[in-house]
Amino acid sequence: MHISEVRSAFQPEMMELLSFASSRAGEAYKTYINTTERKFYVCKIEQVIVGCIGIEFKSETSIEIKHIAVFPEHRGNQIGGKMIGFVCEKYRISYIFAETDQDAVVFYRKSGFGTKSLGEKYPGRERFLCHKSILKTS
């Protein structure tokens with residue numbers, strides 16, 4: 001498994017993955033390419049893209065997961081958790097969080113995140129804050 005940053009044009013597989021996490025994949029793509037506060041990574045197994053994670057730096061020690069997705073045929077193999085671990089280690093942050101809907105809460109809980117309901121932020125859609133403190137080691 002190899003995780004690497006994407007800094008230029010997205011490949012079709014990346015846009016497809018991003019569309020699993022965002023109804024506005026094209027707009028999200030432009031934000032990742034045009035801002036320094038956000039980074040986008042893909043996860044490959046044997047040169048095949050299987051997952052992605054997009055993050056936004058909130059401070060020197062805090063990151064928000066803006067997008068995370070794994071192709072359905074690769075789910076259940078800890079790829080999402082490994083991508084989260086990768087960005088936490090790479091940037092040595094102490095806090096990571098995401099806002100999500102009911103569909104992803106189980107994933108975040110399994111990954112060690114606490115969850116808190118934010119109520120119905122959109123009609124008929126309850127949203128959740130998923131958060132995790134990271135213990136730093138020397």
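Mentor: Start with Cys-88, which is found in helix H3. Keep in mind that this is a predicted model.

Trainee: Okay. Is Cys-88 buried or exposed?

Mentor: Buried. Its relative accessible area is 9%, and the cut-off for buried is under 20%.

Trainee: What is Cys-88 in contact with, leaving aside neighbours within four places in sequence?

Mentor: Ile-93, Ile-96 and Ile-134.

Trainee: And how far is Cys-88 from Lys-121, C-alpha to C-alpha?

Mentor: They are separated by 28 Å. Along the chain, they are 33 residues apart.

Trainee: Switching topic. What does the confidence look like for the chain?

Mentor: The mean pLDDT is 91. Of the residues, 98% reach 70 or more.

Trainee: Where is confidence lowest, and where is it highest?

Mentor: Lowest in H1, at a mean of 87. Highest in strand E4, residues 62-70, at 96.

Trainee: Why care about pLDDT at all?

Mentor: Where it is low, the predicted coordinates should not be read in detail.

Trainee: Since H1 came up, how does it pack with H2?

Mentor: H1 covers residues 12-21 and H2 covers residues 25-34. They pack at an angle of about 110°, and their axes are 9 Å apart. The two helices are therefore roughly perpendicular to each other.

Trainee: What is the handedness of the crossing?

Mentor: Right-handed, as H1 passes H2.

Trainee: Which residues make the contact?

Mentor: From H1, Met-15, Leu-18 and Ser-19. From H2, Ala-25, Gly-26, Ala-28, Tyr-29 and Tyr-32.

Trainee: How does that split by class?

Mentor: The contact of H1 with H2 has 6 nonpolar and 2 polar residues. No charged residues take part.

Trainee: Where is Glu-46 found?

Mentor: In the loop between strand E2 (38-45) and strand E3 (48-57).

Trainee: Buried or exposed, that Glu-46?

Mentor: Exposed, with a relative accessible area of 75%.

Trainee: What about phi of Arg-92?

Mentor: Positive too, near 45°, in a residue other than glycine. Arg-92 sits in the loop between H3 and strand E5 (95-101). At 46% relative accessibility, Arg-92 counts as partly exposed.

Trainee: Next, Pro-72. Where is its place?

Mentor: In the loop between E4 and helix H3, which runs over 79-91. Pro-72 counts as partly exposed, at 43% relative accessibility.

Trainee: How far is Pro-72 from Gly-51 in sequence and in space?

Mentor: In sequence, 21 residues. In space, 9.5 Å, C-alpha to C-alpha.

Trainee: Last one, Ser-117. Which strand does Ser-117 lie in?

Mentor: Strand E6, residues 114-122. Ser-117 is partly exposed, with 36% relative accessibility.

Trainee: What does Ser-117 touch, not counting residues up to four places away in sequence?

Mentor: Glu-126, Arg-127 and Phe-128.

Trainee: And how far are the C-alpha atoms of Ser-117 and Ala-21 from each other?

Mentor: They are separated by 19 Å.

Note on methods:
Residues numbered from 1 in each chain as written. Predicted model: local features only at pLDDT ≥ 70, side-chain atom pairs only at ≥ 80, totals over all residues. Heavy atoms only, no water. Axes fitted to C-alpha atoms, helices over the stretch in contact; angles between N-to-C directions. Helix = DSSP H or I, 4+ residues; strand = E, 2+ residues; numbered from the N terminus. Parallel < 35°, antiparallel > 145°, perpendicular 65-115°, else oblique. Left-handed = near helix turned anticlockwise from the far one by under 90°. Contact = heavy atoms within 4.5 Å. Nonpolar A, V, L, I, M, F, W, Y, C, P; charged D, E, K, R; others polar. pLDDT = per-residue confidence, 0-100. Buried < 20%, exposed > 50% of the residue type's maximum accessible area, 1.4 Å probe, protein only.
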